[in-house]
Amino acid sequence: MISINSIYINGAFTAPHGTATFDLISPIDNTLQGTLTLGDEEDVNRAVAAAKAAFQTFSKTTVEQRIGYLQKMYDAVSRRADELTNIMVQEYGGSIRFCRNSTQNALNSIRTNIEVLQQFSFTRHAGKAIVHLEPVGVAGIITPWNASNSFICAKLSTAIAAGCTAVIKPSELSGRQTQLLLECLHEAGLPNGVFNVVNGLGNVVGAAITAHKDIAKISFTGSTITGKTIARGAVDTMKRITLELGGKSPNILLEDADLETAIPMAIQAAYMNSGQACIAGTRLLVPASRIEEVKQLLKENMDIARVGNPAEEDTLIGPMVSQKQYERVQQYIQLGIEEGAELWIGGPGKPEHLEAGNFVKPTVFVNVTNDMRIAREEIFGPVLSVISYSDEDEAIAIANDTDYGLQAYVSSASDEHANRVATQIRAGRVLINGLKHDPMAPFGGFKQSGIGREYGAYGLEAYLEPKAILN
Ligand code: NAD
């Protein structure tokens, strides 16, 4: 039985003041794997004090010094990349292919921050003023369970690039992954207090970070509802906030799209990370003239969406992270049926031979209308809604008729045509003819998908405060 009972403050593993524990349960078979001791408000106070003290000197480091620290971080994480991937498969239940990508994303984000620093100017001119971009202060970093270490590495490496120090609260569902990452970061030998990690519940540790007067900024990834709570709490001390929240991404197949490539891509987009992805393409928008072709091709290509043991190479969809998440997805599948959508593939219940874990059948609804709740709300599981449109204007209107605006996908035989449509979509990123990612490109949401941007120079600026000096 695994027992994790340390947090990380001021360069050392230390016992938390909090004594409550959280059961770590395998999503693959629901067996108890161990317990995580949870921190409390007192632990947050200690972590913030360490980060505040470290900020005094870390904020004055040179770009070259910070590049050196990021390189050490990169090397330490890279040395244990396979272990980080495997623990994510075991604890979270992500497919091995997804988890490998996630570890790679963690590394890429650190490397990208080194590249950004090599080009970035911390001094600018505006009119007669010289503008200095200064580190904002201690950053509070709060992350979800669906790519835990990747989010921590991306946010922490950006904070370090800016000269900020950090207090991190990972998801309580990611205790084992956090512990291994902490071992890597400890080995990296960053100055004491630059990063501090307090495990704990959102309404205890997360709330204490949100309220703390010595935290200047919060970078949060998670659900829109929690993001709103954090934004409300953060305003009391006027914290800067970056919120990366939910999505209900449209995937528009234009009339001229090559369906033989677009449909396998649509399945990958909808079911990536077992459907537990904020950027999942969960609304497939299809020209009415091609709907029968699309329905047929979805059935023919469904073998891509293999559900099973996440450690096996050909698995695309592992279990949902928790029983609670499994129940939530089941409720939405039931809701889709009750709302009158046509169940085309999958449906309620567990796939055969996978009854012990939180496995869901990859599900496709057709004849979905955009006013149905399954088309409006983030399900966070492998459920795809197919919506037909009559012409391109209607496709764009449906794509934009959502509270969210994180990512969108457009497929067309012509890149020029797809780009014309992309310019009319209200989303932080639009991917044309494929699943693409560039860690230099800004990432973040329009509307209720969030506030601010991460990655590249845009992400770095979110940790900086401009100061104009006028002579
Ligand atoms: P969540 O909002 O429940 O939790 C996220 C983090 O916030 C956890 O660490 C949690 O403990 C903490 N938290 C909970 N209540 C809090 C409070 N009152 N104050 C401060 N912190 C609190 O989200 P989740 O279930 O862990 O993750 C799934 C959600 O994350 C989905 O909605 C998904 O869309 C979103 N997400 C967004 C992105 C993105 O980049 N936009 C990426 C991944 C996931």
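This is a predicted model: local features need pLDDT of at least 70, side-chain atom pairs count only at pLDDT 80 or more; totals for chains, interfaces and linings use all residues.

Colleague: Which residues make up domain 1 and domain 2, and what distance separates their centres?

Modeller: The domain assignment of the protein chain places residues 2-245 together with 447-469 in domain 1, while domain 2 takes residues 250-432. Taken over C-alpha atoms, the centres of domain 1 and domain 2 are separated by 30 Å.

Colleague: What is the area buried between domain 1 and domain 2?

Modeller: The size of an interface is often given as the accessible area lost when the parts come together. Here the contact draws 24 residues from domain 1 and 31 residues from domain 2, and carbon and sulfur atoms give 50% of the buried area. On the side of domain 1, Arg97, Trp145 and Lys447 supply 24% of what that domain buries against domain 2, more than any other three residues. The area buried between the two domains is about 2300 Å².

Colleague: Which side chains form the salt bridge between domain 1 and domain 2?

Modeller: Side chains of opposite charge can pair when their charged atoms come close. Between domain 1 and domain 2 the count is 17 residue pairs in polar contact, and the count of salt bridges there is one. With an N to O distance of 2.6 Å, the side chains that meet in a salt bridge are those of Glu313 and Arg100.

Colleague: Which element gives the largest share of the side of domain 1 that touches domain 2?

Modeller: By class, that side of domain 1 has 10 nonpolar, eight polar and six charged residues. The elements giving two or more residues to it are α3 (81-92) and α4 (96-119). The largest share, four residues, comes from α4.

Colleague: Which residue has a backbone N or O atom 2.6 Å from a nitrogen atom of the ligand?

Modeller: Of the 28 residues around the ligand, those that come nearest are Thr143, Ser223, Leu245, Cys278 and Glu378. An N or O atom in the side chain of Glu378 is 2.6 Å from an oxygen atom of the ligand, and a polar side-chain atom of Glu172 lies 3.1 Å from a ligand oxygen atom. The backbone atom that lies 2.6 Å from a ligand nitrogen belongs to Leu245.

Colleague: How many residues apart in sequence are the parts that Glu454 and Lys155 tie together?

Modeller: The structure holds 20 salt bridges, and one of them joins the side chains of Glu454 and Lys155 at 3.1 Å, N to O. Because Glu454 lies in the loop between β20 (450-451) and α15 (456-461), whereas Lys155 lies in helix α5 (residues 148-162), the pair ties together parts whose separation in sequence is 299 residues.

Technical notes: Residues are numbered from 1 along each chain as its sequence is written. Side-chain values use heavy atoms; hydrogens and water are left out. Domain bounds come from an automatic or database domain assignment. Contact means heavy atoms within 4.5 Å. Buried area is the accessible area (1.4 Å probe) that two parts lose on being put together, summed over both. A salt bridge is a side-chain nitrogen of Lys or Arg within 4 Å of a carboxyl oxygen of Asp or Glu. A polar contact is a pair of N or O atoms within 3.5 Å; within protein, one must be able to donate a hydrogen and the other to accept it, and residues adjacent in sequence count only if both atoms are side-chain atoms. Ala, Val, Leu, Ile, Met, Phe, Trp, Tyr, Cys and Pro count as nonpolar, Asp, Glu, Lys and Arg as charged, and the others, Gly among them, as polar. A residue is near a molecule or strand if one of its heavy atoms lies within 4 Å of it.
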